[in-house]
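Take a look at the model below. Keep the sequence beside it as you read.

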Amino acid sequence: MGSQVSKQDVEVLHRLRDRGIIEEVRAGDMHLAGGVIAVSCADGDQMVDEFEHLRLLFHDVYTGTAPEARIHFLGLNGGALLISRHWPDAEDGEVLMKHIAQAQTLKGIETVALFTHVPCGAAGLVHWSVAMVIDQLINAKLRIKERHPDTKVICLLHVDWGKFNGGDDPRKRTYHVKK
């Protein structure tokens with residue numbers, strides 16, 4: 001995938017969105033008052049937007065207020081995909097798993113948000129399509145749940161639609177992967 005996006009990748013995203021499998025995050029969608037450990041790619045072109053979209057989830061739509069957003073970021077190239085059992089270098093995933101457990105102990109946060117974004121250069125290096133990226137995001141969630149069954153894990157997919165549409169579309173959206 002990398003920065004090259006196929007027509008098939010775009011069709012997959014549209015199909016998943018139309019079927020409600022991925023749903024755009026909106027203010028107050030998830031109750032994260034206790035904080036969240038966000039496992040994200042270190043991609044500086046996407047990180048700020050992902051952070052802002054994550055902050056939206058703390059907003060209380062009923063009171064119109066937002067508690068202080070407790071976001072503990074862990075970022076490496078490839079982000080949550082590194083935790084997948086299919087990532088080529090298993091050591092990368094173990095490093096993140098160790099730091100998730102440490103963050104839970106240090107911060108008392110029981111919710112983990114697994115981020116991936118498309119297009120993703122790290123996924124491109126291992127020739128993963130958008131469908132494979134989403135499958136491996138879910139695989140990462142299952143791996144965390146096996147090791148930490150009481151941990152709430154949410155999967156988030158950040159899409160830079162501008163990269164899909166020839167660069168002339170500035171929209172960036174974050175979707176909850178409902179699986």
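Predicted model: local features only at pLDDT ≥ 70, side-chain atom pairs only at ≥ 80, totals over all residues.

Residues are numbered from 1 along each chain as its sequence is written, and side-chain values use heavy atoms, with hydrogens and water left out.

Start with helix H3, residues 90–107. Helices (H or I, at least four residues) and strands (E, at least two) are DSSP runs, numbered from the N terminus. H3 has 18 residues, which at 1.5 Å a residue should span 26 Å. The expected span is 1.5 Å times one less than the number of residues. The end C-alpha atoms of H3 are 26 Å apart, which agrees.

Now find the buried residues of H3: Gly 93, Leu 96, Met 97, Ile 100, Ala 103 and Gln 104. They cover an arc of only 125° around the axis, so they lie on the same side of H3. The arc is that of the directions from the helix axis to the C-beta atoms. Buried means under 20% relative accessible area, exposed over 50%, and partly exposed in between (1.4 Å probe, protein chains only). The face turned away from the buried side carries exposed Glu 91, Thr 105 and Leu 106. Just after H3, Gly 108 takes a positive phi of about 70°.

What covers the buried residues of H3 includes strand S2 and helix H5. Ser 40 sits in S2. Ser 40 is buried, at 0% relative accessible area. Asp 135 belongs to H5. Asp 135 is partly exposed, at 46%.

Terms used:
Contact = heavy atoms within 4.5 Å.
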